[in-house]
Amino acid sequence: MDLDSIAPELRSAYQLAVDLARRAGAVQREHYETELDVRTKSASIDLVTQVDHECEALIVSGIEAVRPGDAILAEEGGGENHSRSDWRWIIDPLDGTTNYAHGFPRFCVSIGVEHEGERRIGVVYDPLLDELFHCVHAAGAWLGHRRLRVSTQTDLGQALVATGFAYDVHDSTQDNLARFARVLKAARGLRRDGSAALDLCYVASGRLEAYWELKLHAWDVAAGILMVEEAGGRVTSTDGGPAPRSGAEVVASNGHVHDAILSHTRG
Ligand code: IPD
Ligand code: CA
Ligand code: CA
């Protein structure tokens, strides 16, 4: 990305987000396929490792060192919620923890930055593929030095789609399975790869035509939603309205198959 194309007030935050995502990714690479301290959180299938915590501490301390007044929302609870700040950092220190704990090579760091309540910066780093997805509002979405555009596919029957399932899937009747079955019968292929942030980046890069999921959190989608929008795609809730900031539900696509995917993912 050409730094001159970035609004001056965003430039230093963007550079910091890129640096911290790369450094946290290096921590993930270093500990990948080593013996991990794996614990559970909200359910027996909701895992957290010492690497999640180490990455979050690295990112949060890196922000606080140079931008001590900025608000921070981080998945594992680090950082301060300076509610009067114009800036808010939304961090998933390791998106794809189940994959990581099993040595399944699909996980990333995700950092989103809001300014005055608007999504402005997104950085998602896949440390094994060394793929850095990055976007800034009005300056485009990029994979390394390559500008990203969503795919031009208009036919859901020829589309590759992804989804995911929340950690309450064993117990909840709102389990996404009916939607999963409908899309499976309509699309060319349907994936469940286990990293919401990468799924969104793959829509932005044209590797996927669409992705939807329910019951996500703000940190899963803060960077990825802007990535899709800056690549020319569309992101909504399942009823076609604005995607909630909370991540409670998201439908992202190249725009062309959006109505078709909505018709299968409505409640
Ligand atoms: C999870 C992943 C997964 C999605 C889950 C998320 P985590 O995040 O993004 O793909 O299906 O809903 O919670 O726990 O690995 O950060
Ligand atoms: Ca996540
Ligand atoms: Ca996580």
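**Exercise 1. Describe the largest pocket of this predicted model: which elements line it, and how much space does it hold?**

Step 1. Start with the elements. β4 (87-95), α3 (97-102), α5 (196-205) and α6 (218-230) each give the lining of the largest pocket at least two residues.

Step 2. Count the lining. 34 residues line the largest pocket. Phe165, Tyr167, Arg192, Glu213 and Asp220 lie nearest its centre.

Step 3. Sort by class. The lining holds 14 charged, 10 polar and 10 nonpolar residues.

Step 4. The largest pocket holds about 620 Å³ of space.

**Exercise 2. Find the cavities of 30 Å³ or more, and state what lines the largest cavity.**

Step 1. Search the whole structure. There are 2 cavities of 30 Å³ or more.

Step 2. Take the largest cavity. Its space is about 50 Å³.

Step 3. List its lining. The residues are Gly164, Phe165, Ala166, Asp168, Val169, Gln174, Asp175, Asn176, Glu213, Leu214 and Lys215.

Step 4. Sort them. The lining has 4 charged, 4 nonpolar and 3 polar residues.

**Exercise 3. Which element gives the most to the lining of the second largest cavity?**

Step 1. Give the volume. The second largest cavity has about 30 Å³.

Step 2. Name the lining. Ile90, Glu114, Arg119, Ala218, Val221, Ala222 and Arg245 surround this space.

Step 3. Pick the element. α6 contributes the most, with 3 residues.

Step 4. Sort by class. The lining has 4 nonpolar and 3 charged residues, with no polar ones.

**Exercise 4. Examine Arg120: is the residue buried or exposed, and which side chain of opposite charge is nearest?**

Step 1. Arg120 sits in strand β6 (residues 118-126).

Step 2. Judge burial. Arg120 is buried.

Step 3. Look for a partner. The nearest side chain of opposite charge is Glu118, 4.8 Å away. A salt bridge needs a nitrogen-to-oxygen distance within 4 Å, so Arg120 has none.

Step 4. List the contacts. Beyond four places in sequence, Arg120 touches Leu10, Val113, Glu114, His115, Cys135, Val136, His137 and Leu226.

Technical notes
Residues numbered from 1 in each chain as written. Chains lettered and ligands numbered in written order. Predicted model: local features only at pLDDT ≥ 70, side-chain atom pairs only at ≥ 80, totals over all residues. Heavy atoms only, no water. Helix = DSSP H or I, 4+ residues; strand = E, 2+ residues; numbered from the N terminus. Buried < 20%, exposed > 50% of the residue type's maximum accessible area, 1.4 Å probe, protein only. Lys, Arg positive; Asp, Glu negative; His and termini not counted. Contact = heavy atoms within 4.5 Å. 1 Å grid on protein atoms, 1.4 Å probe; cavity = no way out; pocket = protein on both sides within 12 Å on 5 of 7 lines; lining within 4 Å. Points joined across faces, edges and corners; volume = space filled by probe spheres on them. Nonpolar A, V, L, I, M, F, W, Y, C, P; charged D, E, K, R; others polar.
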